[in-house]
Amino acid sequence: MVFTSDSFSTLSLFCLKRNWNDRKLFLFTDIPFDATWKSIIYFPSKTEPTIVSKCYNSGKIHGNEKTGGVIGGACQYKSLIEKCYNLGEISGTGNNAGGIAGEFGRSSQIFNCYNMNKVTGLNYVGGIAGNSYSSICEIKNCYNIGNISGTTKLGGILGRNNNSSTITN
């Protein structure tokens, strides 16, 4: 599943998961967070990678668990988030808040992304990603200039590196 734009578009993506078999990706453009969803896309399987490219968020986002400026959770195996950025304030009342992704894992990658605003959450809060929950994940060529606040496991780039994910340049 690929989401991309030839020129950057205001787009926010959220992966909400009730259980491993029920995943949804919500897309909306230029509308308030609590507005009606413009479209809903279901992930066909746990093993198909998701690619999110050239997207950004400029609105304030408030959520609970897995709150991110571009995507709440990169849940799929070998997902890629690239050339995305966040300008809006991100606020999560629970764990896993990030400027780009609240959580990512399963050999996923975040490349060439940045966050420009404040990110707050309870635990696992980062400027790029809040939590990396499995090994072989990678963050490369990303930066954050926003303030990060929370209780534990806070980081300018990654709040919690659970299983030896790599962060370079």
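Which side chain of opposite charge is nearest to glutamate 82, and how far away is it? In this predicted model, the analysis of local features was limited to pLDDT of at least 70 and that of side-chain atom pairs to pLDDT 80 or more, while totals for chains, interfaces and linings use all residues. Residues are numbered from 1 along each chain as its sequence is written, and side-chain values use heavy atoms, with hydrogens and water left out.

Glutamate 82 belongs to strand E11 (residues 80–82); strands (E, at least two residues) are DSSP runs numbered from the N terminus, as are helices (H or I, at least four). The residue is buried, that is, under 20% relative accessible area with a 1.4 Å probe and protein chains only, where exposed is over 50% and partly exposed lies in between. Glutamate 82 has no salt bridge (a side-chain nitrogen of Lys or Arg within 4 Å of a carboxyl oxygen of Asp or Glu). The nearest side chain of opposite charge is that of lysine 83, at 5.0 Å; Lys and Arg count as positive and Asp and Glu as negative, with His and the chain ends not counted. The side chain of glutamate 82 does make a polar contact of 3.1 Å with the side chain of serine 53 (N or O atoms within 3.5 Å, one able to donate a hydrogen and the other to accept it within protein, and residues adjacent in sequence counted only if both atoms are side-chain atoms). Beyond four places in sequence, contacts of glutamate 82 (heavy atoms within 4.5 Å) are with Val52, Ser53, Lys54, Phe111 and Cys113.

An open sheet of four strands has the order E9-E14-E19-E24, with parallel pairing; strands pair if DSSP finds at least two bridges between them. Strands E9 (67–68) and E24 (152–155) are the edges, each pairing on one side only. Two bridges connect E9 with E14 (residues 97–98), and threonine 67 has alanine 97 as its bridge partner. Alanine 97 also stands opposite valine 125 in E19. Three bridges link E19 to E24, with asparagine 123 partnered by threonine 152.
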